[in-house]
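Work through the exercises below with the sequence and the model at hand. Each task is followed by a solution in steps.

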Amino acid sequence: QVQLVESGGGLVQPGGSLRLSCVASGFTFRNYAMSWYRQAPGKERELVAALTDLGGRTKYADSVKGRFAISRDNAKNTVYLQMNSLKPEDTAVYYCTRYNWVTMTRLGSWGQGTQVTVSS
């Protein structure tokens, strides 16, 4: 059974940083591209960042380019999202999921998400 457990969210002031983690189990992690999505209140879930199975290629939403960095540790079955220079508009629930790099769509189920709130 696929499980994705996100953590690391919280309340941070504008300009601050957070690092999100997602620990995966139930599938061969190193064989899959992974991604982070987010959903703000009243908005659709959107792709934030993705990276390939070996981490050699990444992609980012225009709104987070230069501020966020996605990475992975295949030995720990974990994908990370380093978020710097956070803005109030980054407030959302963040989810990780497997990702189909060819179709550019997510694969399978979501984790429970982790709340990120950027506010002074």
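Predicted model: local features only at pLDDT ≥ 70, side-chain atom pairs only at ≥ 80, totals over all residues.

Residues are numbered from 1 along each chain as its sequence is written, and side-chain values use heavy atoms, with hydrogens and water left out.

**Exercise 1.** Find the salt bridges of Arg 38 with Glu 46 and with Asp 90.

Step 1. Apply the rule: a side-chain nitrogen of Lys or Arg lies within 4 Å of a carboxyl oxygen of Asp or Glu. The count by this rule is four salt bridges.

Step 2. Between Arg 38 and Glu 46, the closest N and O atoms are 2.7 Å apart.

Step 3. For Arg 38 and Asp 90, the N to O distance is 2.9 Å. Arg 38 belongs to strand S4 (residues 33–39) and Asp 90 to the loop between strand S8 (78–83) and strand S9 (92–100), so this pair ties together parts 52 residues apart in sequence. Strands are DSSP runs (E, at least two residues), numbered from the N terminus.

**Exercise 2.** State whether Arg 38, Glu 46 and Asp 90 are buried or partly exposed.

Step 1. Use the cut-offs: buried is under 20% relative accessible area, exposed over 50%, partly exposed in between (1.4 Å probe, protein chains only).

Step 2. Arg 38, at 6%, is buried, and Asp 90, at 0%, is buried. Glu 46, at 35%, is partly exposed.

**Exercise 3.** Which residues are linked with Arg 67 in a network of salt bridges?

Step 1. Arg 67 and Asp 90 form a salt bridge (2.7 Å, N to O).

Step 2. The network links Arg 38, Glu 46, Arg 67 and Asp 90.

Methods:
Helix = DSSP H or I, 4+ residues; strand = E, 2+ residues; numbered from the N terminus.
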